[in-house]
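Please read it alongside the coordinates.

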Amino acid sequence: MSIRRTTKAARGAVAMASAVGLALVVSGCGGGGDGGARTDDKKPPARSSTPKDGGPGTPAADSSKVIGEMKGADGIVVTLNSVVRDSGGFVTVNGTVSNHGSRAFNAIDWRSNETELRSRSSISGATLVDKAGKKRYLVLRDTNGECLCTTGLSGLMPGASRPIFAQFPAPPAKVTEVDFQLPTMPPATVQITD
């Protein structure tokens, strides 16, 4: 076979593979034969970093309960509502960040400085500190390098608030008091509940 025939055959094979792949993608995107009409029970679940079942990562259900508060520069206030230990070996911190200042707030200084971290505008730099045990616990990461914490904290306008959460490995069961820390903010000593 000549080089020209080989090249032509290779191009044909690539074109055929591309057509088959495109056909598979298009058939996978079909509406399921119902003419595009969907009922509520057929909708795919929305992707969320906060599960609906009250599992890890769920923002504080009772935002009226305040267990700690951190006040930073430019009128930024972090109110902590719960620090809960779950049976899976995690501690989830829930709270609210509020902008009482006069300009938009971006949480760029609250992120971790790890180079492989993917979450940019987040509270990934938060830590729990067990002073008695002299240990610091960092925010957990998933297999894609995303923090198990609130992300997208940019452009928080004056007068606005957003729920926040961060999940950490649980300290030993005997540890009931920890300091929650965010870069640029003073620490808050909080009680872990089960």
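1. Overall order. Read from the N terminus, the elements follow the pattern α-β-β-β-β-β-β-β-β. That amounts to 1 helix and 8 strands. The model is a predicted one, and the points below should be read with that in mind.

2. The protein has 194 residues, of which 31% count as buried. Its accessible surface is about 12000 Å², and carbon and sulfur atoms make up 55% of that area. Among contacts with a separation of 6 or more, 59% are between residues 24 or more positions apart.

3. First sheet. Which order do the strands take in the open sheet that contains E1? The order is E1-E2-E3-E6, four strands with antiparallel pairing. E1 and E6 are the edge strands, each with pairing on one side only. On average, neighbouring strands here are turned by 25 degrees against each other, with direction ignored. The antiparallel strands E3 and E6 are joined by 9 bridges. For Asn94, the bridge partner in E6 is Phe165.

4. E4 and E5 run antiparallel and are joined by 4 bridges. Val129 has Arg136 as its bridge partner in E5.

5. Nonpolar core. The largest nonpolar core holds 31 residues, and those touching the most other members are Val78, Trp110, Phe168, Phe180 and Leu182. Two or more residues each come from strand E2 (76-85), strand E3 (90-99), strand E6 (161-169), strand E7 (177-181) and strand E8 (188-191). The largest contribution is that of E2, with 4 residues. In general, nonpolar side chains of soluble globular proteins tend to be buried together.

6. Surroundings of Val78. Leaving aside residues up to four places away in sequence, what does Val78 touch? Its contacts are Gly68, Glu69, Met70, Thr96, Val97, Trp110, Ile164, Leu182 and Met185. Of these, Trp110 and Leu182 are also named with Val78 among the core residues that touch the most other members.

7. Salt bridges. The whole structure contains 4 salt bridges. One of them joins the side chains of Lys71 and Glu69, at 3.8 Å from N to O. Lys71 counts as exposed, with 57% relative accessibility, whereas Glu69 is partly exposed at 43%. Glu69 is also one of the residues that Val78 touches. In general, side chains of opposite charge can pair when their charged atoms come close.

8. Arg103 and Asp74. The side chains of these two residues meet in a salt bridge with an N to O distance of 2.6 Å. Arg103 is in the loop between E3 and strand E4 (127-130), and Asp74 is in the loop between strand E1 (68-71) and E2, so this pair ties together parts 29 residues apart in sequence. The relative accessible area of Arg103 is 53%, which makes this residue exposed; Asp74 is partly exposed at 48%.

9. Lys131 and Asp179. These residues form a salt bridge in which the closest N and O atoms are 3.5 Å apart. Lys131 lies in the loop between E4 and strand E5 (135-138), and Asp179 lies in strand E7, so the parts tied together are 48 residues apart in sequence. Is Asp179 buried or exposed? Asp179 is buried, with a relative accessible area of 7%.

10. Backbone points to check. Most residues other than glycine have a negative phi. Asp74, although not a glycine, has a positive phi of about 60 degrees. Lys134 is likewise not a glycine and has a positive phi of about 55 degrees. Asp74 sits in the loop between E1 and E2, and Lys134 in the loop between E4 and E5. Lys134 counts as exposed at 75% relative accessibility.

Note on methods:
Residues are numbered from 1 along each chain as its sequence is written. This is a predicted model: local features need pLDDT of at least 70, side-chain atom pairs count only at pLDDT 80 or more; totals for chains, interfaces and linings use all residues. Side-chain values use heavy atoms; hydrogens and water are left out. A nonpolar core is a set of buried Ala, Val, Leu, Ile, Met, Phe, Trp, Tyr and Cys residues joined through side-chain atoms within 4.5 Å. Buried means under 20% relative accessible area, exposed over 50%, partly exposed in between (1.4 Å probe, protein chains only). Contact means heavy atoms within 4.5 Å. Two strands pair if DSSP finds at least two bridges between them. Axes are lines fitted to C-alpha atoms, for helices over the stretch in contact, and angles run from 0 to 180 degrees between N-to-C directions. Accessible areas come from the Shrake-Rupley method with a 1.4 Å probe; for residues, only the protein chains shown count as cover.
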